[in-house]
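Dear colleague,

I am passing on the model we spoke about, and I would be glad if you could look through it with the notes below at hand.

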Amino acid sequence: MTSPVYFWNLRASLKAPYQERIRRLLDRTRFAEAVDGGELTAVKLHFGERGVTSHVQPLMIKPIIDFLLKAGAKPFLTDASTLYVGQRGEAVSHSMQAAQHGFDPLLLGAPVIIADGLKGASQEALRVKGGKHIKKAFIAADIAGADLLVSINHAKGHELAGFGGALKNIGMGSASKQGKMQQHVTTGPLVVVDKCAGCGACIAMCASKALSLTESPAAKGKKILLDNNRCIGCGACFLACKHGGLEINWQTDVTAFLERMMEYAAAVLQPRAKPCLHINFVTCVTPDCDCMGFSDACICPDVGILASLDPVAIDQASIDLINKAEPLWPSHLPKGLKAGDDKLHALRPHLPPAFGLDYAEALGLGTRKYELVAL
Ligand code: SF4
Ligand code: SF4
């Protein structure tokens with residue numbers, strides 16, 4: 001069984017410019033048939049961290065919003081807060097960052113709503129069916145509660161996941177702060193003893209009783225102590241610490257991290273009665289994600305825009321198209337690569353071959369077998 005992935009190679013004309021091509025592309029998915037009228041539709045995207053220029057631009061998103069409005073939906077643009085310190089760590093800065101990148105409701109016809117509330121704690125616990133790591137995933141409340149879901153994804157490399165597309169945007173991007181932590185933490189947080197103020201606020205958050213205060217003669221005061229045998233990596237304690245006493249352990253096992261991320265995508269997608277629409281922009285294909293605060297030189301020429309109801313198929317097709325394209329320099333791709341060579345693994349050879357898509361397939365999120373249907 002294959003899934004259709006509709007593909008526009010960016011060729012346009014006066015008679016059929018960008019807006020018209022996007023309309024045709026989305027029509028082919030037949031997503032509009034899922035709209036009865038008035039559904040609050042989460043359009044999950046990335047507004048771009050400050051300093052980033054390679055995220056999907058508002059002008060490119062406008063025809064997608066127009067398509068949804070015409071179908072009778074009520075779209076809103078959305079994302080959830082980040083874990084790291086940046087411009088998107090809570091709703092006020094995040095909304096301002098979106099505005100500074102031109103995501104204007106009056107221009108686009110859809111408001112920006114940060115899905116996990118003011119401080120990133122507005123969440124729903126959703127069950128994951130068939131996962132081996134996570135039973136309940138913490139998803140931003142306004143994505144979990146939306147009637148319909150559309151993901152707009154910038155296909156690119158990623159420093160931790162290797163590839164960022166639909167499943168990463170949904171899995172990591174829809175998670176609340178606690179949910180993001182749950183995906184990153186496989187061995188518990190790192191305690192930064194120097195920064196711990198000994199306030200004990202994190203202890204109350206830990207249902208596993210993995211945290212306690214202990215007298216530290218060297219520091220002349222109490223410091224937090226983590227019992228790794230009790231810690232289940234839920235991430236709740238990070239929300240309590242205002243002093244930087246608990247840090248993410250970024251040296252996490254990559255396969256387990258990818259599997260957790262796919263389980264989060266499953267928590268978002270499995271309960272949905274109606275199909276979700278996924279749109280991948282294989283344009284400005286940077287080596288790193290749009291959280292980095294800069295956009296590095298692209299690793300291949302712009303390839304096209306894809307649309308599908310199958311998030312696994314569209315991500316597989318995007319990876320294949322990136323690898324099929326001519327490599328571009330000056331990017332930090334290794335020299336000597338040719339069209340057809342695996343660019344994403346050349347950047348990060350330690351990543352597993354399928355970037356977790358095989359696990360997403362096993363979770364029933366879609367198939368890696370696709371038929372690329374050109375416009
Ligand atoms: S990650 Fe969860 S289980 Fe581990 S110490 Fe923090 S709150 Fe406790
Ligand atoms: S780790 Fe943070 S929240 Fe926990 S005791 Fe130390 S300062 Fe307080």
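This is a predicted model: local features need pLDDT of at least 70, side-chain atom pairs count only at pLDDT 80 or more; totals for chains, interfaces and linings use all residues.

Residues are numbered from 1 along each chain as its sequence is written, and chains are lettered from A and ligands numbered from 1 in the order in which they are written.

The protein chain is assigned domain 1 (3-184 + 252-374) and domain 2 (191-247), with bounds that come from an automatic or database domain assignment. Their C-alpha centres are 34 Å apart, and five residues from domain 1 and six residues from domain 2 make up the contact, where two residues are in contact if their C-beta atoms, placed from the backbone, lie within 7 Å. On the domain 1 side, the residues touching domain 2 are two nonpolar, two polar and one charged; here Ala, Val, Leu, Ile, Met, Phe, Trp, Tyr, Cys and Pro count as nonpolar, Asp, Glu, Lys and Arg as charged, and the others, Gly among them, as polar.

Helices (H or I, at least four residues) and strands (E, at least two) are DSSP runs numbered from the N terminus, and two strands pair if DSSP finds at least two bridges between them. On that basis, eight strands build an open sheet of mixed pairing, in the order 4-3-2-7-14-15-1-16. Strand 4 (112-114) and strand 16 (370-374) each have a single partner strand, so one side of each of these edge strands is left without a neighbour in the sheet. From one strand to the next the twist averages 25°. Strand 1 (residues 3-8) pairs with strand 15 (residues 304-308) in the antiparallel sense over three bridges, and Phe7 has Leu306 in strand 15 as its bridge partner. Helix 3 (residues 91-100) lies across strand 3 (74-79) and strand 4, at about 150° to strand 4; axes are lines fitted to C-alpha atoms, for helices over the stretch in contact, and angles run from 0 to 180 degrees between N-to-C directions.

A nonpolar core is a set of buried Ala, Val, Leu, Ile, Met, Phe, Trp, Tyr and Cys residues joined through C-beta atoms within 7 Å, and a residue is buried if 20 or more other C-beta atoms lie within 10 Å of its own, exposed if 12 or fewer, and partly exposed in between. The largest core has 94 residues, and Leu306 is one of those that touch the most other members. Helix 10 (residues 254-269) supplies the largest share of this core, 10 residues. Beyond its neighbours within four places in sequence, Leu306 has contacts that include Val5, Tyr6, Phe7 and Val282. Another core, of 12 residues, lies apart, with Met181, Cys196, Leu211 and Leu246 among them.

Helix 10 also packs with helix 7 (residues 177-184), at an angle of about 145° and with the axes 8 Å apart. In this contact, Gly179, Gln183 and His184 of helix 7 meet Phe257, Arg260, Met261 and Tyr264 of helix 10.

With best wishes
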